[in-house]
Amino acid sequence: MPKIKYIEHNGKEHDVDVPVGWSVMEGAVKNLIPGIDADCGGACACATCHVHVDAAWTDKIPPKQDMEETMLDFAQELTPTSRLSCQIKVVPELDGLVVRMPKSQH
Amino acid sequence: MAEHFVIVGAGQSAAQAVATLRAEGFAGVITVVGDEPFAPYQRPPLSKAYLSGAMERDRLFLKPDAFYADARCALILGVAAASIDRRQQKVSLANGRVLSYDKLLLATGTRVRRIPVAGACLPGVHYLRGIADVDSLRPGLVEGQRLAVVGGGYIGLEVAAVAAKLGLEVTVFEALERVMARAVSRGLSTFYEREHRGAGVRLELNTGVEAFKGEGRLAAVRAAGRNHPADVALVGIGVIPNVELAKDAGLPCEDGIVVDDCARTPDPAIFAAGDCTRHTTHDGALVRLESVQNAIDQAKHAALAMVGKPTSYREVPWFWSDQYDLKLQIAGLARAGDTLVLRGDPAARKFAVFHLRNGAVAAVEAVNAAPEYIVGRKLIAGGTKVAPETLADTSIPMKNIA
């Protein structure tokens, strides 16, 4: 199972195994990692699962679709590596992925 | 003795309330009672990804089991609550067990409205509210089969979209003159009717279903004096709030358990949140919302009130629906008499309808139009006045309107 490192805004790190086919958001929520709210449960409807993908990994993740791009446009603490974690599907190639959570999702 | 908070209902509100109670430092005991045999799970995917098979059951659960263990929250599942004794502060369960509470949160949700016509109990006639409903409906959704959807609301149309994609012959019967009449403005209904027809779905508007026909199992739907052959039917004609516990205990109910803006009932020990409630909004309207947003936000306010920090619930309501590749996102509550402003072109399958009230943005319905939705939410929250011609002008980016 791919291992993903989630880093909270305060620097606390969480390494968890996330099943292939799940989203990066689900990996966090199902492992009780704080910092990702995901109110809509992954429907790309709420923009409360914003993460900053580690620069070493941005090329390995499929690009954003329009909907994600525009939802993110209005997120707080937007960076060039910002993604909605519900839209990143976990595949074996993402073993070792590192994402950081912003200070707030709202 | 430690304080005991009891939550009746094990849905989205219950899960949120447990999280917020603990985040607020509540140190007592929490017990959640639910009549379904499942820990709190997400309902929205039931008529979408879970129905289509794209999402397996494990992924529906809102929290892992460890969450409840960590929160020292006992889950009593598969058992309904039977009655509340407000004087003694006790809840009796259907299995005879009695729980004493210091504070009680009613998060009892809704149940489906049954259709009162002949043949409604025939095998093959389904409803959709819980996991068990989908598990019984899904095996019948086989390519080439004929599905009759009764009710052209969110549930009916989402199921129609999934079934059409699976290759079923789908007919939707809607008693009113347009689909989603209760939820969206006329232009949106027209747009969605065209999309469904384009996907091969037959829409029978102004057509109430009179009976289900069949010998031992469903064979046809009787509507407009005619038998429409059907192998499987899905009835989605709305839900009824589960108010009986509250009502029998003498709490005010009015198509929903009536609560104030802090999710409090008149009984200082009893609170309510989610689909089962009717609450006063900041502008004085009494509304009952059926949504994830309301379940989450109202539960947060209920939990805050339960720990002695009541705060007014003022979050802007929001909703969404996925049908085909169309994402409908709605914020705010539309009212008759609002001025409607169209932004974008429905033919491009990317547009929004803004609702202005006294010049301020009161609601927005966005189809594949996230900027309009997100900015709309902000404008609604701020009570911002925007000129209709500005909203309609797509050469002005939404960012510049915010």
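Strands β1 (residues 4-8) and β2 (residues 29-34) of chain B run parallel to each other and pair over 5 bridges. Within this pair, B:F5 sits opposite B:I30 of β2(B). Please keep in mind that this is a predicted model.

**B:Q12, a residue of helix α1**

- B:Q12 belongs to helix α1 (residues 12-23) of chain B.
- Is B:Q12 buried or exposed? B:Q12 is buried, because 28 other C-beta atoms lie within 10 Å and 20 or more are enough for that label.
- Leaving aside residues up to four places away in sequence, B:Q12 touches B:P40, B:L62, B:G274, B:V292, B:A295 and B:I296.
- B:Q12 and B:G109 are 97 residues apart along the chain, yet their C-alpha atoms are separated by 9.2 Å.

**Helix α5 of chain B**

- Helix α5 (residues 154-166) of chain B has 13 residues and spans 18 Å from its first C-alpha to its last, close to the 18 Å expected at 1.5 Å a residue.
- This helix is mostly covered, with 10 of its 13 residues buried. Among them are B:Y154, B:I155, B:L157, B:E158 and B:V162.
- Which elements do the buried residues of α5(B) pack against? The partners in chain B are α2 (49-52), β10 (146-150), β11 (169-173), α6 (186-198), β16 (232-235) and β22 (318-323).
- After α5(B) comes B:G167, which has a positive phi near 95°.

**Domains of chain B**

- The domain assignment of chain B gives domain 1 (4-111 + 239-306), domain 2 (115-235) and domain 3 (325-401).
- The C-alpha centres of domain 2 and domain 3 of chain B are 30 Å apart. Their contact takes 6 residues from domain 2 of chain B and 8 residues from domain 3 of chain B.
- On the domain 2 side of that contact, chain B has 3 nonpolar, 2 polar and 1 charged residues.

**Where chain A meets chain B**

- In the contact between the chains, 16 residues of chain A meet 17 residues of chain B.
- Helix α2 (residues 66-73) of chain A gives the most to the chain A side, with 4 residues.
- By class, the chain A side has 9 nonpolar, 3 polar and 4 charged residues.

**Two loop residues with positive phi**

- Most residues other than glycine have a negative phi.
- A:L32 has a positive phi near 60° and is found in the loop between α1 (24-29) and β3 (50-53) of chain A. A:L32 counts as partly exposed, because there are 15 C-beta neighbours inside 10 Å.
- B:D255 has a positive phi near 45° and lies in the loop between α7 (244-248) and β18 (257-259) of chain B. B:D255 is exposed, with 11 other C-beta atoms within 10 Å.

Note on methods
Residues numbered from 1 in each chain as written. Chains lettered and ligands numbered in written order. Predicted model: local features only at pLDDT ≥ 70, side-chain atom pairs only at ≥ 80, totals over all residues. Expected span 1.5 Å × (residues − 1). Buried ≥ 20, exposed ≤ 12 C-beta atoms within 10 Å, placed from the backbone. Contact = placed C-beta atoms within 7 Å. Domains from an automatic or database assignment. Nonpolar A, V, L, I, M, F, W, Y, C, P; charged D, E, K, R; others polar. Pairing = 2+ DSSP bridges.
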